[in-house]
Amino acid sequence: MTALRQRKGSKGKEPPLAAEIHSQQSNCCSNHHPERILHGDWSWGAIIWTSIGWSVSVGLGLLCCIYMATLHENDLWFSNIKEVEREISFRTECGLYYSYFKQMLQAPSIQEGLSDLIHDNLTESKRTINLLQRMNIYQEVFLSVLYRWLPVQSYLEPVYFYIYTVFSLQAVYVIALYLTAWLLSGSWLAGALTGVWYILNRVDTTRVEFTISLRENWSLPFLALQVTTITCYLRPQLSALQQKVMVWLMYVTTFCFCLTWQFNQFILLVQALVIYTLDCADILTKTQVTTLYLIQASGLLSVCIFQFCNTMILGSLVLSFIVAALLVRHCQSGLKSGGLLLRLGKLLLHSALVFLLTFIINYLAKKVLQLRSDEHIFKFIQSKFGFGSTRDFDASLYLCEEAFGVLPLDTLERLASTLLLYPYILTLLLLSGTMAVAILQNLRPKGGSAEERKEGGEGRAVAFRPDVAYNLLHTLFYGLLAFSTMRMKYIWTGHMCAVAAYGVCGTELWTLLLNTLRCNSKVLLRLVRYAVPVAMIACLYYKFWPKLMEELSELREFYDPDTVELMTWISTKTPKRAVFAGSMQLLAGIKLCTGRVLTNHPHYEDKDLRERTRQVYQVYARRAPEEVYDILRAVGADYVVLENSICYERRHRRGCRLRDLLDLANGHIMDGAGDNDPDLIPAPYPRFCEAIKTEDAAYSALFTRTFQNKTFHVYRVKKKRKKSSKSSPEATVTQ
């Protein structure tokens, strides 16, 4: 419903097509919005119709929740495997996060559990860190407290309480997308189509069934709720009380989103750019822009307080941008006056000042706070777009992962197969064109005095619906983010379903088409808006229901005997305070399954930890045994676990294997046939993870093999070694 509507106080007339769209929207959409009852319409028709819409939303949410839980159960036979196997199934960082839920439950009391998290010395050896400050694990704390309080311990195991909560958030996610589509289109059929598309495109909309504990699975439902509340807030017919309620709901959802994901600042930065663009286009009022900025800032600062003044938030680019945007906006009072070219020039100057001030504020903030926690992210961005060194170890770790590459084209093929891509593209094209016309008309000189323009809506000559405008730029900006970095597609594809459903069930596409065919009428428009989504849902049911049933009938079982054997050996044969070194992914599992102390872990948002990880990974580089020994002793390691899958890796191409990244960082020539940069030199030592297995005297004097199977080799680091040559300066570890 992108109605081009005449501002108050204007003496001009709406264009015929815009007037027709506006008329159709007023008659068709006002009858079916979810907030209709809130406006005093308590007729039986309104109550029944709205109740059906809400019931369908809850039904689709529960269907998605049950679907994900069933896939998880069928893939692992989760209900029938041993506890250690269940814990191993929490791969990589998922295991680290779940370990804190387990740790809180094992604590004698909630207070002691919180104290252990605030003064943790198990996650990083020889260091005491505040986990509530460093990591976003308040959700694990909350769930552990809730599990203690609720009378469910007798019939629901902790692990099921945890995973069912995460799957339940998927229901919240679907309901939020459903409501967004309903608010935009005025028909709950759009919400139903959104939910169906979300479920059918599961591969591209979520990965919750195999990455349960990932922070995004906790945060994205709250982001979707925030978008729903913003959409509702920007609707013009809300009363003052309803606007206040929406403001508080926006704050709560923003706070929950920020509290549950460490990358909140980067997602909110994109959202802030959306708000900034709408402000420059004169689509939002000054009050709306200021309110949205302040909600973002207050949400981030509230999380900062909860995380014991986390400097990564205080030095975030989004906070600097919000301060700069509000400050420059306040100083430039005449920004939205003058002719078209003059206004465009002012906007360019305004934008230059905002971005310049943003970088100045951010630079000063990081200098004052001595912040280096997010350096690796900016190095990754610079390297990805060719502005930085490609040999940086931290940046290369990200660049070499497929998830951080560009969006593959087969994603679009899958989206097209479910009939999602085509209406989405058509909706984008129509809305973008309409919005461009509205922006140009907004930027043109307006007739009447300044007082008349103020009374007419803060100077907007023609207004594009603010809620539609926000959702349009939201999907465009996050779509660009998804195309640049595949992992970010999960932020985009869910909202994509809502936008496409709005296009199918809204008035814009159909009004334009029917006007083109010269057969437009209210009855025909209403018939098409209801018949087409019903037909599409029926078509999708016919095409995909058998495939869903076949997918749900596939039964697999968790099988990883080598890792189970390793975890069992560590739990039974090593001291409880033993310190283990190894890959980040494996150590997260060791923390969860055995409770042993780690040297490093996958939560990478700390400068010292990244340096420590690079040093520990020298076990896969070409380094002298004495150098590796000194590194491991410096971080307090008692045991080091070597993985054949890393030492002899074939998954990545040459130049992206972990051993290649280490060789490049150390200035050594890489393994295998292929070109090498001319400044690289041959390494003077063999690869440590291979040479140690020969049990040469130089290695056996420092390390003792204590466990091995087909996948893992565990060596005990001896406490003292015979006097030898001085260690290389490269072995220095940042403490």
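The model is predicted, so local features need pLDDT of at least 70 and side-chain atom pairs count only at pLDDT 80 or more, while totals for chains, interfaces and linings use all residues. Residues are numbered from 1 along each chain as its sequence is written, and side-chain values use heavy atoms, with hydrogens and water left out.

**Annotated spans**

Select residues 248-274, one of the stretches that the unreviewed UniProt entry annotates as "transmembrane region"; such annotations may be inferred rather than shown by experiment. This span is 85% helix and 0% strand, with its end C-alpha atoms 21 Å apart. Next select residues 492-515, also among the annotated stretches. Here the chain is 92% helix and 0% strand, and the end C-alpha atoms lie 32 Å apart. Helices (H or I, at least four residues) and strands (E, at least two) are DSSP runs, numbered from the N terminus.

**The sheet**

Now display the five strands of the open, mixed sheet, in the order β4-β3-β5-β7-β6; two strands pair if DSSP finds at least two bridges between them. Because β4 (597-598) and β6 stand at the edges with a single partner strand each, one side of each has no neighbour in the sheet. Select helix α30 (residues 625-634), which packs on the sheet and touches β3, β5, β6 and β7; contact means heavy atoms within 4.5 Å.

Move to β3 (residues 579-581) and β5 (residues 639-643), a parallel pair with two bridges. Ala-581 has Val-640 of β5 as its bridge partner. Strands β6 (residues 703-708) and β7 (residues 712-717) run antiparallel and are joined by five bridges. Within this pair, Arg-705 is the bridge partner of Tyr-715, and a hairpin of three residues connects β6 to β7.

**The cavities**

Finally, select Tyr-173, Leu-220 and His-474, which are among the residues lining the largest cavity. A cavity is a set of points on a 1 Å grid over the protein atoms alone where a 1.4 Å probe fits but cannot get out, and lining residues have an atom within 4 Å of a point. This cavity holds about 90 Å³ of space, the volume being the space filled by probe spheres set on the points, which are joined across faces, edges and corners. Helix α11 gives the most to its lining, with four residues.

For the second largest cavity, of about 50 Å³, select lining residues including Gln-170, Arg-207 and Glu-216. Again α11 gives the most, with four residues.

Notes
Axes are lines fitted to C-alpha atoms, for helices over the stretch in contact, and angles run from 0 to 180 degrees between N-to-C directions. On a 1 Å grid over the protein atoms alone, a cavity is a set of points where a 1.4 Å probe fits but cannot get out, and a pocket is an open set with protein on both sides within 12 Å along at least five of seven lines; lining residues have an atom within 4 Å of a point.
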